[in-house]
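Please read it alongside the sequence and the model shown here.

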Amino acid sequence: MAAITEPMPLPELTTDDLSRYSRHLILPEVGMEGQQKLKASRVLCIGAGGLGSPLAFYLAAAGVGTLGMVDFDVVDASNLQRQIIHSTKDIGRKKLDSAEEKLKALNPALNVVKHDTMLSSANALEIFRDYDIVADGTDNFPTRYLVNDACVLLGKPNVYGSIFRFEGQASVFATEQGPCYRCLYPEPPPPGLVPSCAEGGVLGILPGLVGVIQATEAIKLILGNGEPLIGRLLLVDALNMRFRELKLRKNPDCPVCGTHPTVTQLIDYQQFCGILPESRQPATIKNGIPQMTVKELKHRLDAGDDLFILDVREPYEYQIANIGGKLIPQNDVPQRLGEIDRNREIVVQCLSGGRSQRIAEYLKQAGYAKVSNLAGGIRAWSEEIDPSVRKY
Amino acid sequence: MIINIPTPLRAYTDGRNAVEVEAANVASALQALTASYPELQKHLFNGDGRVRAFVNLYLNDEDVRYLPAKDASPVNAQDTLSIIPSIAGGLPGLAVQAIAPSAQSLPVNQKR
């Protein structure tokens, strides 16, 4: 059983703490000392979204002393189906700010540390160092491997949760005796197609279920009580409401946590997962729509080509950042075709190339002869052409 | 024995979440499965007939990789074989890209 040993003396509980946590204090499994351990603990939540919402809420409620959160994203209406830490009025707002507000409302004594950044090999070790436990609530494979490796290298337990549609997984990785994520999945799946922003969909309640399981595991590790999911993979099937458990073995040959590790530093996880940056991929045609790279667009604009850039994002997004395109939000396009000149070459653009692809296909079907999709969207433009264009 | 089919693969088993097969060991159970549902073959196995690395197989609650006999492990009628692919929620899994049918339609709002 992994207990977090705190070399410094445990913090005293205030009068407010005693009344707030009374239901914990009277539990033999928690008690005064347990509550003090919670108060001393520092937990890092990667992601303030579906999994992060319930995770952060329950850790705050439980009296964790310091909660760090990593998220660079902004609240969007489609998040509210499951990301319950955010409210309707927060749409457009940074998730970290929204989360902090709700967490402090619940527990004003909580120390919230906001890491407004994208986690990467360049910053992960430094960010993780200040915490006792890392809770991984991210949504992509490169970050999963990054978090895992950083946790193993630093000796921090990784409370893992993942979801897909209506199924979830949970476990505790990267403890000294237990397996790590790579013991279970030594290799990431091949990316196959160009990364798309099409969603598989997810049952809103699912990250709620799994996120609270993660919070539970983090609390158990802090208290040093109960049996954590070390060496166990919990499988949740929400549709059939079945919970199963599989045994996880620590792989002695694991390149990160095995007896002779070969990975002793963080690597390039995008490369590891076989993901090429959007514009380095060969020019493709997707569903009949030519994909224009941002480099190509820049080149053609500089050459004075007469391109009609159609920006199909929402007004608030345009306010955050734009590249001068004509704004017609995607849902308005069918009614506003009159504003899109059929004789010109149209480049459809959105945030990262998903919505714009869909609209490009629609325009083609509506008889537009020259339509292409800006692959990677304004995000790629910001990354590769003009960093002064704000990313969100 | 029963083989549990994970969500991303159910499109290839006519939506079934479990398939019953007759087999003496893990390897032949998988063969029986792909014989009934040939589309699973390329999703479960790579070119040289080995199970793809990001797909885990569990005989009851034990990882087949760690069993002494691996996929030659004998099975009986009460055993369950589970296929557990890696998932990463949110963005539809590269696992899903690799082993699921292409997205049917893009939602109105692309942000996760």
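Predicted model: local features only at pLDDT ≥ 70, side-chain atom pairs only at ≥ 80, totals over all residues.

Strand β11 (residues 307-311) of chain A runs parallel to strand β13 (residues 345-349) of chain A, and five bridges join the two. Here strands (E, at least two residues) and helices (H or I, at least four residues) are DSSP runs, numbered from the N terminus, and two strands pair if DSSP finds at least two bridges between them. Residues are numbered from 1 along each chain as its sequence is written, while chains are lettered from A and ligands numbered from 1 in the order in which they are written.

The two strands belong to an open sheet of six strands with mixed pairing, whose order in chain A is β9-β10-β14-β13-β11-β12. Its edges are formed by β9 (285-286) and β12 (326-327) of chain A, each of which pairs on one side only. Helix α13 (residues 354-365) of chain A packs on this sheet, where it touches β9, β10 (289-292), β13 and β14 (371-374) of chain A, and its direction makes about 175 degrees with that of β14(A). Contact between two residues requires that their C-beta atoms, placed from the backbone, lie within 7 Å; axes are lines fitted to C-alpha atoms, for helices over the stretch in contact, and angles run from 0 to 180 degrees between N-to-C directions.

The domain assignment, which is automatic or taken from a database, divides chain A into domain 1 (15-272) and domain 2 (278-384). Taken over C-alpha atoms, the centres of these two domains of chain A are separated by 36 Å.

Strand β6 (residues 167-173) of chain A is joined by four bridges to strand β7 (residues 232-237) of chain A, in the antiparallel sense, and A:Gln169 stands opposite A:Leu235 in β7(A). Six bridges then join β7(A) to strand β8 (residues 242-247) of chain A, again antiparallel, with A:Leu233 opposite A:Leu246 in β8(A). β7(A) and β8(A) form a hairpin with four residues between them, and A:Met241 in the turn has a positive phi of about 50 degrees.

## Helix α4 of chain A and its two partners

Helix α4 (residues 52-62) of chain A packs against helix α5 (residues 95-106) of chain A at an angle of about 30 degrees, with the axes 9 Å apart. The two helices are therefore roughly parallel, a term for angles under 35 degrees, while angles over 145 count as roughly antiparallel, 65 to 115 as roughly perpendicular and the rest as oblique. The crossing of α4(A) past α5(A) is right-handed, meaning that the near helix is turned clockwise from the far one by less than a right angle. A:Ala56, A:Phe57, A:Ala60 and A:Ala61 in α4(A) meet A:Ala99, A:Leu103 and A:Leu106 in α5(A). By class, this contact has seven nonpolar, no polar and no charged residues, where Ala, Val, Leu, Ile, Met, Phe, Trp, Tyr, Cys and Pro count as nonpolar, Asp, Glu, Lys and Arg as charged, and the others, Gly among them, as polar.

The axes of α4(A) and helix α9 (residues 205-223) of chain A come within 7 Å and cross at roughly 40 degrees, and α4(A) and α9(A) are therefore oblique to each other. This crossing is also right-handed. The residues that meet include A:Tyr58 and A:Leu59 in α4(A) and A:Gly211 and A:Ala215 in α9(A), and the contact divides into 10 nonpolar, four polar and no charged residues.
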